[in-house]
Amino acid sequence: MAFTPTRGMVLAAGLGTRMRPLTNDRPKSLIEVAGRTLLDHAIDRFVAAGVKMVVVNAHYKGEMIIAHLKSRKDVEIRIQDERDLLLDTGGALKRALPNFGDEPFWTYNSDSIWVESLASNLGRMTALWDDAAMDCLMLMAPTFNSLGFDGKGDFTMDSNGRLKRREPQRVAPFAWPGVQMIHPRLVRRGPDGVFSTNKLWDIAIEEGRLFGMRLEGKWMHIGTPEAKADADAFMANRHMAP
C-alpha cells in the first residue's frame, strides 16, 4: 500500500575525514556543490517530496550546522545534538524514533545528491511502498552510471525488488545512495547505543523484508574533494548544455 512520509531525518554527523582539507573548517554537510550545501540539497529534496518535519543530527562542528539551519523557514527542523557522543547511523535513527510515531519515515545521508530523470525518485518510492511486505525500501543507484563511487557495489536486487548483499569477491550492480524509507518497527529492533544501520538491514534481509528501487537519473557520491570537483563540473556542464 502506497504511503507518503511527511517526516524524515538527514544524517549529518559524520567526521568527513576523507573530505579533508575541505572539512578542516566545516562539517561535510556544509560543503557546497553547485552553490548549495549538501545539507540543503537533502532538505530541498525532502521538501519537494512533501516532508513537513526533518530531524538533523550534528556532531563534528555541530554548532555550525545548528546555526546554518536557523535560516530554513520552509520546513520544521529538529536538531539531534550528538556532539557528546557519535551514535553511528543506526544509533542515531533509534534515538530519533520519538519524532516519527509509528509510520515509515525517510532517511538521507548528506553526502549524496542526484539529478532526476523523468520523475521524482522519492515519489516513485512512495508509490512502491508495501507496508505488509516491507520494513525498509532503499533507493538503489546503478554503479555504472554513478559519479564519485569506485567500489564493487553493495547489493543485488531480484525481479521483485528484494535485496541481498554483494557476495565476497563478486561485483554487484547497485550501490546505496544514502536514501531509504524505513519503518520504526525495524529500527526498534536495533541494539541500544552505538550501532550501524547495517544491523537493521541484516535483520530485514534475513526475513525477506528489505527491498530496493532503481534510481533513475545521475547519482553523485560526494565523498572526497575530487568527487566534489567532479560533481561541480557535471552540474555546471549540465546547466550550460543546450
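Which strand does Ala-58 lie in? Ala-58 lies in strand 4, which spans residues 53-58. This is a predicted model: local features need pLDDT of at least 70, side-chain atom pairs count only at pLDDT 80 or more, and totals for chains, interfaces and linings use all residues. Residues are numbered from 1 along each chain as its sequence is written, and side-chain values use heavy atoms, with hydrogens and water left out. Helices (H or I, at least four residues) and strands (E, at least two) are DSSP runs, numbered from the N terminus.

**Ala-58 and its surroundings**

- Ala-58 is buried, with a relative accessible area of 0%. Buried means under 20% relative accessible area, exposed over 50%, and partly exposed in between (1.4 Å probe, protein chains only).
- Ala-58 and Ala-12 are 46 residues apart in sequence. In space they are 5.8 Å apart, C-alpha to C-alpha.
- Ala-58 touches Ala-13, Ile-65, Gln-80, Asp-81, Glu-82 and Arg-83, not counting residues up to four places away in sequence. Contact means heavy atoms within 4.5 Å.

**Helix 1 against helix 2**

- Helix 1 (residues 38-48) and helix 2 (residues 62-69) pack at an angle of about 45°, with axes 11 Å apart. Axes are lines fitted to C-alpha atoms, for helices over the stretch in contact, and angles run from 0 to 180 degrees between N-to-C directions.
- That angle makes helix 1 oblique to helix 2. Angles under 35 degrees count as roughly parallel, over 145 as roughly antiparallel, 65 to 115 as roughly perpendicular and the rest as oblique.
- Helix 1 contributes Leu-39, Asp-40 and Ile-43 to the contact. Helix 2 contributes Ile-65, His-68 and Leu-69.
- By class, the contact of helix 1 with helix 2 has four nonpolar, one polar and one charged residues. Ala, Val, Leu, Ile, Met, Phe, Trp, Tyr, Cys and Pro count as nonpolar, Asp, Glu, Lys and Arg as charged, and the others, Gly among them, as polar.

**Aromatic pairs**

- Rings of Phe, Tyr and Trp (its six-membered ring) pair if their centres lie within 6.5 Å; planes under 30 degrees apart count as stacked, over 60 as edge-to-face and the rest as tilted. By this rule the count comes to six aromatic pairs.
- Phe-46 and Tyr-108 pair edge-to-face, at 5.7 Å centre to centre and 85° between the planes. Phe-46 lies in helix 1 and Tyr-108 in strand 6 (residues 105-109), so the pair ties together parts that are 62 residues apart in sequence.
- Tyr-108 and Trp-114 form a stacked pair, at 5.7 Å centre to centre and 15° between the planes.
- Phe-46, Tyr-108 and Trp-114 form one aromatic cluster. Phe-46 and Tyr-108 are both buried; Tyr-108 has 1% relative accessibility. Trp-114 is buried too, with a relative accessible area of 4%.

**Backbone features in loops**

- A cis peptide bond joins Arg-20 and Pro-21, with omega about 10°. Pro-21 lies in the loop between strand 1 (7-11) and strand 2 (32-33).
- Ala-34 is not a glycine, yet has a positive phi of about 55°. Ala-34 sits in the loop between strand 2 and strand 3 (36-37). At 41% relative accessibility, Ala-34 counts as partly exposed.
- Lys-61, also not a glycine, has a positive phi of about 50°. Lys-61 lies in the loop between strand 4 and helix 2. At 25% relative accessibility, Lys-61 counts as partly exposed.
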